[in-house]
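This report is meant to be read beside the sequence and the model. It covers chain contacts, a hairpin and a group of charged side chains.

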Amino acid sequence: MTLALASLLIPLATALLLLFLRSRAGAWVIIASLLSLIVAGLALAEVVAHGTQTLAIGGWDTPLGIRFELNLLSALLLTFTALVHLLVAVYAERSRHSQTRDTDYWPLSCLLHGSLAALWLSRDLFNWYVTLELLGLVAVAMIIISGPKAYGPALRYLLLSLAASLCYLLGVALLYGRYGVLDIDLLATMIDANHTTRLALLLMTLGLMLKAALWPLHLWLPAAHASAPTAVSALLSALVVKGPLFILWMLWSRMAPVEVAQPAGLLFALAGIVALLAGGWAALRTPFLKTLVAYSTVAQLGYALLALGLLLRWQQTELSAALWLFVLAHGLAKVSMFLAAGEMQATLGSKRVSSLKGATQTMPIAMFAFAVAGGSLIGLPPSGGFVAKWVLLQPLLADPVHWPWALGVLLGTLASAAYVFRVVALAFDRADPNPPNYNPDAFAQWLALLPALVVWGMALYSEPLILWLTEVNR
Amino acid sequence: MSSTLIFLCAGSVLWLMGLHGLARLHHPIRRIMAINIMGSGTFMVMIALANRGEHSDPVLHALVVTGLVVAVSATAFALRLAVAISAHKSGKQQAPEPNE
Amino acid sequence: MITSWSSLLPLLIVLSSLVPGLLIFTLREDQNRLRVLLNMTGVLLKLALVGLMLWGVDRGLEFRFAVPFLPGGGLVLQGDALSLQFVSLSSVLWLATTIYAIGYLEDSPLRSRFFGYFSLCVSATVGVALAGNLVTFLLFYELLTLTTFPLVVHRGTPQALRAGRVYLTYTLGGGALLLMGVALLHSLTGSPDFVTGGYLQPMLEAHSTSLIVAFALMIAGLGVKAALLPLHGWLPQAMIAPAPVSALLHAVAVVKAGAFGIVRVVYDVYGVEPVQALGLNVPLLALTAATIIYGSLKALQQQELKKRLAYSTISQVSYITMGVALMGPIAGVGALAHLVHQGLMKVTLFYCAGIFAETLGVHRIREMDGIGRRMPLTMAAFTLCALGMIGVPPTAGFISKWYLGLGALEAGWDIALLVLVISGLLNAAYFLPLIYRGWFARPPAEWPEERSLGTGRPGLGETHWMLLVPVLFTALLALLAGILAGTGFSPLSWSELIINREFNL
């Protein structure tokens with residue numbers, strides 16, 4: 001547990017430090033995220049060896065105190081967060097086009113890292129509210145780094161995020177008023193399916209879905225993610241939307257009474273299928289590259305939503321593994337995709353997808369990164385996305401009654417293949433290539449490729465990953 | 001008990017009014033105010049719930065205080081952003097751009 | 001120690017082209033020698049390793065490489081008799097095609113990218129061949145799609161891109177269907193190793209619906225690459241690719257991977273008896289028969305040489321599937337032998353078409369008049385393999401068709417024999433005019449677009465030696481496969497070995 005706390009406190013302390021110390025911010029953040037990654041990795045090893053650990057903060061026990069819990073999933077997510085932060089920090093420091101030099105990006109990204117780490121460890125409804133609010137404010141502050149054109153989407157994101165938090169908070173208040181506790185495991189033992197519970201769950205769910213940009217509450221996401229600086233888009237897509245998803249999953253899979261969860265699961269699963277198709281369709285139609293990548297986030301979150309819905313519907317805990325594999329694979333792939341897209345967009349001098357003509361020649365590594373990351377989003381073997389989809393498909397296919405859901409997954413796969421290869425095929429156009437405005441930066445392109453290679457490497461560890469994540473719920 | 005109920009209802013009505021305002025209004029300042037009304041409604045519900053038992057519940061009071069701190073800072077941030085937007089817009093009106 | 005090298009050998013065979021391929025990507029365009037060196041090292045190393053494996057299997061050694069991957073289905077590469085047949089074919093043809101491609105692409109741009117993907121493509125093909133279970137097969141099958149796409153669009157022209165998009169639409173769609181089928185079977189039994197006679201017999205009673213659906217999904221997924229009707233639409237369009245790519249796609253990599261997959265699914269996953277018990281062989285047979293006739297009829301209508309060869313491929317590859325669908329041992333021998341024979345003959349025909357186009361600018365059939373006098377060696381190879389395609393004795397094509405015909409009679413499907421005969425007649429109708437024009441028609445005063453690739457004189461200098469040598473090599477192999485069919489090392493006798501194990505004869 002000490003290690004996990006260190007992984008949380010290192011970026012937090014760095015964020016405070018950087019408020020006063022402005023020089024060499026990039027180097028400090030890289031060192032801090034690397035340290036955080038190392039201790040998170042050690043924490044993961046510790047959990048694998050010794051099992052779940054809990055900490056009552058300040059020595060106050062529940063129900064009065066706040067409880068931190070470090071289980072396999074939390075440790076994995078801590079490691080994942082630190083890894084993504086490290087990769088993005090290196091890019092932000094080294095790339096000419098990152099738009100983040102000498103800005104407030106550095107303390108903010110550390111704060112983001114710290115608040116997410118706290119979110120992964122918390123098991124307390126109100127503590128989650130605080131981390132969510134922090135996450136939202138930091139995310140908005142990071143979006144406006146890219147200048148006045150982002151102010152509009154940022155304000156809209158901020159207001160929606162605040163409204164969502166208040167929605168969630170009202171739900172928390174109702175639950176507390178009814179049961180008198182905030183700890184999720186205590187609540188789980190007391191909760192029953194009455195009107196207060198239903199209303200509270202509805203309010204909390206709406207708030208969290210809005211924050212996680214789950215269909216149909218996703219409309220703020222494409223503008224906000226596409227207008228942010230490249231490094232920030234990567235962090236937002238890979239990490240920020242996963243925080244509320246984590247809480248949503250915790251609420252429904254650990255706390256909600258079964259008789260409420262089962263009908264809700266159907267709605268979640270249907271929303272997931274629609275998200276896959278609608279997000280994929282929007283990504284296929286948009287003329288702008290970063291918007292395409294942002295819509296792909298909406299679509300990919302549909303897989304997570306589908307897994308969550310079916311998990312609740314059938315009460316099959318194995319589907320948790322699918323959900324979290326999707327989150328990990330999508331996060332890494334999306335970092336790669338946003339970095340590659342941002343780098344290509346800046347070098348080729350246009351935000352349009354059509355400017356990528358001939359990009360396999362002008363920026364081969366970035367384009368390759370985009371394609372490899374896209375392969376994982378499609379779910380081509382042997383990538384992390386494939387493993388996730390495989391785990392999701394197993395219970396779907398085992399019983400002929402469930403086959404219609406598998407059809408939804410198939411259509412989602414085809415949609416994602418269509419928007420990924422829309423870009424890739426264009427990049428092979430040699431007849432009329434778009435000449436770059438700057439000399440392409442090889443190092444930044446390799447950085448974009450790295451997370452994509454990691455997500456394909458995930459497949460090699462898929463067996464332990466699946467086993468760990470399946471155990472999380474037991 | 002009945003005063004608790006009145007406060008509960010009033011809080012819920014405020015919350016709904018705030019939500020309605022957020023959905024219907026367009027001016028940034030108005031929307032920020034709508035959010036604050038929503039926040040006040042939430043806090044009112046929480047204060048009312050704190051009074052539900054024999055003794056008033058200190059945990060909910062603590063939560064409200066925390067919530068107020070968060071709400072104040074978020075409002076400050078949103079206002080700053082709204083000012084920046086209007087400054088940017090008025091700057092633009094002096095030198096209009098075709099694609100706005 | 002013995003066990004460790006023999007378990008690593010399948011992996012090394014895959015890596016022997018993968019590593020050079022990745023290295024080639026990093027080369028600059030002008031590092032020509034190093035690129036050729038890497039290419040040839042990979043080719044020869046792979047041949048040596050495959051030879052070693054053949055020797056080992058002959059000695060009764062087991063080659064199995066496994067790492068954990070998914071629960072219930074690891075990543076397994078193994079060399080059994082069936083995979084060795086496909087691996088040997090692809091390694092030998094890779095050798096020939098590499099030499100041909102080096103000559104063909106001399107001085108053209110983006111060669112590092114081309115040869116990089118070319119090597120990756122062969123790695124994926126070999127992976128498909130050596131895959132020891134369905135999950136591994138699926139993995140390499142999808143990789144094959146990804147690595148061939150850059151080759152199809154290599155020229156980067158609008159037509160090439162259009163063909164590439166069509167290719168991707170078909171193959172990724174097929175890949176998704178195959179994924180569903182494999183996942184469905186996996187949810188029932190996991191993915192154990194391929195085993196002769198299949199492993200689904202115990203599930204037959206309880207899960208017959210699932211098994212039928214999975215079979216349909218997998219055949220549809222594999223049928224895209226094997227160009228089964230109505231999933232063949234990508235193949236004629238993909239002809240826009242450079243000639244070595246067409247040769248590779250048609251003879252070895254893509255089309256064969258589909259056909260090989262069908263063989264695997266029928267023989268080593270389902271098993272012959274369960275397929276018959278589920279009544280799945282009849283629709284498959286009908287589909288192949290329709291494809292054979294359709295491909296031949298369409299080939300007859302084509303005026304461009306490469307297009308005619310493309311439709312001929314659609315027809316000829318379905319012979320393999322038909323042999324499998326007939327469910328008898330003799331037809332099975334014919335199918336497996338045809339896998340090799342068709343590969344050798346079709347690769348030669350595509351090489352020849354490429355040579356005609358590159359040396360003389362001949363693309364259309366009516367431009368072939370008298371080409372045999374200008375390029376007698378190439379035309380001789382073309383003639384030999386075209387006759388083989390028709391099935392004239394003693395060519396390789398005759399052998400496989402003979403076995404297929406006997407198999408049809410043995411299995412009691414006389415109508416299949418009729419299909420074979422009609423197709424043979426149609427084959428003759430679309431190949432014989434080419435042979436006639438090539439040898440007996442009067443050559444034009446001037447060729448459409450003659451380039452000085454060799455000395456310009458008929459004989460060994462009729463074109464660039466790197467183009468000519470592979471043609472002669474593969475034509476010779478096709479001839480030997482027919483003449484020496486009765487001996488122990490021929491593709492035919494190897495096929496008999498596989499089938500004997502499969503049917504427990």
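The text below goes from the contacts between chains to local features.

This is a predicted model, in which local features need pLDDT of at least 70 and side-chain atom pairs count only at pLDDT 80 or more, while totals for chains, interfaces and linings use all residues. Residues are numbered from 1 along each chain as its sequence is written, chains are lettered from A and ligands numbered from 1 in the order in which they are written, and side-chain values use heavy atoms, with hydrogens and water left out.

**Contacts between chains**

Of the 2 pairs of chains that touch, chains A and C have the most contacts, a contact being heavy atoms within 4.5 Å. Chain B and chain C are not joined by any contact, and their closest C-alpha atoms lie 32 Å apart.

Chain A gives 35 residues to its contact with chain C, and chain C gives 38 residues. Together they bury about 3,200 Å², 78% of it on carbon and sulfur atoms; buried area is the accessible area (1.4 Å probe) that two parts lose on being put together, summed over both. On the chain A side, A:Trp390, A:Phe428 and A:Arg430 lose the most area to chain C, together 23% of what that side buries.

Among the elements that give two or more residues to this side of chain A are helix 17 (384–398) and helix 20 (462–471). Helix 18 of chain A gives the most, with 10 residues. Helices (H or I, at least four residues) and strands (E, at least two) are DSSP runs, numbered from the N terminus. There are 0 salt bridges between chain A and chain C. A salt bridge is a side-chain nitrogen of Lys or Arg within 4 Å of a carboxyl oxygen of Asp or Glu.

Leaving aside neighbours within four places in sequence, A:Leu166 is in contact with B:Trp15, B:Ile35, B:Met38, B:Gly39 and B:Thr42. A:Leu166 counts as buried because its relative accessibility is 6%; buried means under 20% relative accessible area, exposed over 50%, partly exposed in between (1.4 Å probe, protein chains only).

**A hairpin in chain C**

Strand 1 (residues 64–70) and strand 2 (residues 73–78) of chain C pair in the antiparallel sense over 5 bridges. Two strands pair if DSSP finds at least two bridges between them. C:Leu70 has C:Gly73, in strand 2, as its bridge partner. The hairpin has 2 residues between the strands, and C:Gly72 takes a positive phi near 85°.

**Salt bridges in chain A**

Over all chains the count comes to 11 salt bridges. A:Arg67, A:Glu69, A:Arg123, A:Asp183, A:Asp185 and A:Arg254 are linked in a network of salt bridges.

| Pair | N to O distance |
|---|---|
| A:Glu69 and A:Arg67 | 3.1 Å |
| A:Asp183 and A:Arg67 | 2.9 Å |
| A:Arg254 and A:Asp185 | 3.2 Å |

A:Asp183, in the loop between helix 6 and helix 7 (184–190), and A:Arg67, in strand 2 (residues 67–70) of chain A, are 116 residues apart. A:Asp183 is buried, with a relative accessible area of 3%, and A:Arg67 is buried at 12%. A:Glu69 counts as buried at 5% relative accessibility.

A:Arg254, in helix 11 (residues 242–255), and A:Asp185, in helix 7, are 69 residues apart. A:Arg254 counts as partly exposed at 22% relative accessibility, as does A:Asp185 at 28%.
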